[in-house]
Each structure stands twice: as C-alpha cells, then as structure tokens.
Amino acid sequence: MLRYLCANALRIRSSGLNYLTSLSSRNGSVSMTPFLDKHLMGNTFQKSFYSLLQVQKPSVTHYQIPLTIIPGSLNAVAASKQLQICRSVTKFSLTKGKRKSVKAVLKRFKRLDWGGWIRTRTGRHKKMFRKSNALKRRLRQHVFVNATQAHLLDKMVTSFWRRPKYWIDDPYAPYHRRDEYFATKRKEFKV
C-alpha cells in the first residue's frame, strides 16, 4: 500500500506540488499533505515523505477517489472500484443450471440435525509446544457459530447438506438432538 502511495505521489505532478487525498479503510486512513518537488532528492525525500504521512481514525469504509486522476490509467479504474464482499456461491451452474454448495463450508463446518453449525478452534495445531495443557484441551473441542453465521452457512449449502444424515457410529450422534430448547425440540408423533 505504501509503495502504491509513493508511486502515485511521484507520478501525479501539477505546478510543482503533489496532491493525494486520504485513503480510508476500516483499520485507519493514510493522508498526505502537499509537498514540494525539492524534497524528491536522496534520503531527504524518505524523511520528508514519512513525516507527511499521518494515521487518522477511519471516517468511511470505502476508498475515496483521489483529487487528480489521469484518464485511462489504472488509477482511474482502481479509484472507481468499491470494496465488495464475495461469498462465491454458485446460484446457477453452467451445466445443469442448479445451485452449488460452497466446498470450503463443507470442509470447515459440520451441520447438526437441529440446525446448528459447529467448527473447530482456529490455530489448534500451531505452536503446540508453547501452549498449556488446559489450552490444548480447549483447542480439541468444537464451538458453535452464532445465529447470523448459521443462517449464512445454510444459504451457502444445498438442501442435501441441510437434511439429516445417518452414519454408522457417528461421533456427533449425542449432539444431533437438542430437546431441552422448545424451538429445536423433536416433534414426536402421538396417536
């Protein structure tokens, strides 16, 4: 990002001054004040350039368009693009026109019969020599995702994966029922 800002500052010149507006993101924003071309010589450029960079609190969650844009350049294309979240779910396949499941969801999560989703803890195999026995025990356990994430995961898989599966010697068999809660209680047929 810093290399990109440096290249833009050197490329865009108008009347001896270089301008660039603030580039905002969720983590923070970087803004540069105008500086003269006499600072572009040797190591003094680096010192003056870094002294002009200031970290500010984020004000917006999208990229702002720079003040000076050369038409037809990559800057014009990059400045006009907004940040978009991609869930990469195929709604209509090219061969049969059917909805497809996201393979990453099937690999990383497990759906229980009552509608909950579980996952393993992150970093459960990293730097095990550094972790205590209690932490290693907690990392072996599974955790639930929240309701918003469960609803999103339900939309990312097809109805085949939302139906109950009956496996022989299923280690998750005790967790497929949640009868203590009224919304997930199994409806028994009574005559």
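Reader: How many helices and strands are there in the protein chain?

Author: Helices (H or I, at least four residues) and strands (E, at least two) are DSSP runs, numbered from the N terminus. In the protein chain there are seven helices and eight strands. This is a predicted model, in which local features need pLDDT of at least 70 and side-chain atom pairs count only at pLDDT 80 or more, while totals for chains, interfaces and linings use all residues. Residues are numbered from 1 along each chain as its sequence is written, and side-chain values use heavy atoms, with hydrogens and water left out.

Reader: What percentage of the residues of the protein chain count as buried?

Author: Buried means under 20% relative accessible area, exposed over 50%, and partly exposed in between (1.4 Å probe, protein chains only). Of the 191 residues of the protein chain, 23% count as buried.

Reader: Which residues make up the largest nonpolar core?

Author: A nonpolar core is a set of buried Ala, Val, Leu, Ile, Met, Phe, Trp, Tyr and Cys residues joined through side-chain atoms within 4.5 Å. The largest one here has eight residues: Val102, Val105, Trp117, Val145, Ala150, Leu153, Met156 and Val157. Helix α6 (residues 147-156) gives the most to this core, with three residues.

Reader: With which residues is valine 145 in contact, leaving aside its neighbours within four places in sequence?

Author: Contact means heavy atoms within 4.5 Å. With those neighbours left aside, valine 145 is in contact with Phe109, Trp117, Arg119, Ala150 and Leu153. Valine 145 lies in the loop between β8 (142-144) and α6, and it is buried, with a relative accessible area of 12%. From C-alpha to C-alpha, valine 145 and phenylalanine 109 are 9.2 Å apart in space, although 36 residues separate them in sequence.

Reader: Which residue caps the N-terminal end of α6?

Author: That residue is asparagine 146, with a side-chain oxygen 3.3 Å from the backbone nitrogen of threonine 148.

Reader: How many salt bridges does the structure hold?

Author: A salt bridge is a side-chain nitrogen of Lys or Arg within 4 Å of a carboxyl oxygen of Asp or Glu. The structure holds two. One joins arginine 111 and aspartate 154, whose closest N and O atoms are 2.9 Å apart. Arginine 111 lies in strand β6 and aspartate 154 in helix α6, so the pair ties together parts that are 43 residues apart in sequence. Both of these residues are buried, aspartate 154 at 18% relative accessibility.

The other links aspartate 179 with arginine 177, with closest N and O atoms 2.7 Å apart. Aspartate 179 is partly exposed, at 29% relative accessible area, and arginine 177 is also partly exposed, at 43%.

Technical notes:
Polar contact = N/O pair within 3.5 Å; in protein donor to acceptor, adjacent residues only side chain to side chain.
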